[in-house]
Amino acid sequence: MASVTIAGVRKSYGSVEVLHGVDVSIDEGEFVVLVGPSGCGKSTLLRMLAGLEHITSGEIRIGNRVVNDLAPKERDIAMVFQNYALYPHLTVAENMGFSLKLAGVRRAQIEEKVRPAAEILGLAHLLDRYPRMLSGGQRQRVAMGRAIVRKPQVFLFDEPLSNLDAKLRVTMRSEIKNLHQRLKTTTVYVTHDQIEAMTMADKIVVMHDGIVEQIGTPLELYDRPDNLFVAGFIGSPAMNMIPGTLADDGSFRGRDGTVLPVAHPGSARPGQPLVYGVRPELMSTGGEIPLVVEVTEPTGAETHVVGRLGGTEITGVFRARIDVAPGGTIPIGIDPAGVHLFDEDSGKRVSG
């Protein structure tokens with residue numbers, strides 16, 4: 001395994017710049033997830049790391065080597081793609097050992113490398129099957145096995161779970177995380193799914209429009225988002241955003257006059273245009289704030305309520321079972337310790 005350093009990396013297609021000076025440091029053995037909406041530049045950055053895209057400027061290091069001008073096969077990396085990219089005429093064992101065969105490794109040595117990898121991934125009983133005889137999850141394991149047998153310094157995953165159904169994605173998330181814990185290989189994983197990022201990563205890199213918005217552990221990003229974009233992107237359901245100002249008494253006033261609690265106003269000033277951020281799960285029933293119900297979504301253990309607080313639509317997640325007709329009102333409370341205030345103009349967090 002090796003560390004990865006991305007320093008001042010830019011990427012342009014003609015006059016269009018899609019990455020604007022990206023800096024990311026990845027420690028040896030770390031599992032780092034690049035996350036962001038479609039078009040943010042995360043897959044482009046991964047392909048540059050793999051050597052599949054030219055770097056316009058900046059530097060990428062794998063270990064102590066600058067790899068800007070190295071061919072993909074010289075970077076000692078292995079990549080797992082979204083579409084599996086398996087050879088249909090080869091068996092599982094042949095697919096897993098194909099890169100070693102191209103490298104001139106003897107057949108006996110290939111078998112010695114393939115079988116342990118197959119056992120790690122639960123594929124030992126499928127080695128003689130062809131891809132058409134496998135499920136989607138099994139095909140993805142084969143693609144991962146093909147990467148494992150090479151014993152690279154760095155694993156690269158490009159949205160590998162996108163083609164799987166919801167239940168299988170959950171299972172494969174756990175399997176990939178468990179695999180990393182066993183192999184300890186440095187891993188860079190790209191996804192647009194923030195749940196994948198939160199549940200799998202040691203460190204998350206949140207990207208937006210070709211820049212890095214914030215880097216941190218999953219809970220650091222959840223508890224202390226730097227700006228409105230990160231606050232709205234990390235967490236499901238998304239953080240509620242209510243525009244207004246800070247009152248002289250330290251409370252928050254929505255634009256319709258609704259009074260909301262604040263524990264730590266930070267550098268916010270009375271009268272400053274702000275956005276009040278509160279996560280849906282930090283709301284409770286039985287408070288003094290009236291929420292006009294629009295939709296209730298019972299999930300069993302929780303009830304998701306979409307409603308209006310003054311003129312703003314918000315979502316609350318409650319442990320209680322709520323049976324209120326649309327247009328009805330329920331009293332809610334907000335835990336002020338978890339509230340964030342953001343400057344409306346810059347989007348930067350100013351509280352806490």
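The legends below describe views of one predicted protein model, from the whole chain down to single elements.

Residue numbers start from 1 along each chain as its sequence is written, and side-chain values use heavy atoms, with hydrogens and water left out. Because the model is predicted, local features need pLDDT of at least 70 and side-chain atom pairs count only at pLDDT 80 or more, while totals for chains, interfaces and linings use all residues.

**View 1. The whole protein chain.**
The C-alpha atoms fill a box of roughly 75 × 45 × 35 Å, taken along the principal axes. Nine helices and 19 strands are found in the chain; these are DSSP runs numbered from the N terminus, helices being H or I with at least four residues and strands E with at least two. Of the 352 residues, 47% are buried, that is, under 20% relative accessible area with a 1.4 Å probe, protein chains only. Among contacts with a separation of 6 or more, 66% join residues 24 or more positions apart; a contact means heavy atoms within 4.5 Å.

**View 2. The two domains.**
Domain 1 covers residues 4-228 and domain 2 covers residues 238-343; the bounds come from an automatic or database domain assignment. Taken over C-alpha atoms, the domain centres are 39 Å apart.

**View 3. The interface between domain 1 and domain 2.**
Seven residues of domain 1 are in contact with eight of domain 2. Together the domains bury about 560 Å², 63% of it on carbon and sulfur atoms; this buried area is the accessible area (1.4 Å probe) lost when the two parts are put together, summed over both. Tyr222, Pro225 and Leu228 supply 84% of the area that domain 1 buries against domain 2, more than any other three residues.

**View 4. The domain 1 side and its polar contacts.**
Three residue pairs across the interface are in polar contact, both residues at pLDDT 80 or more. A polar contact is a pair of N or O atoms within 3.5 Å; within protein, one must be able to donate a hydrogen and the other to accept it, and residues adjacent in sequence count only if both atoms are side-chain atoms. Helix α8 (residues 218-223) gives the largest share of the domain 1 side, three residues.

**View 5. Helix α1 and the residue after it.**
Helix α1 spans residues 42-50, and seven of its nine residues are buried. The buried residues are Lys42, Thr44, Leu45, Leu46, Met48, Leu49 and Ala50. Glycine 51 follows α1 and has a positive phi, near 90°.

Note on methods. Buried < 20%, exposed > 50% of the residue type's maximum accessible area, 1.4 Å probe, protein only.
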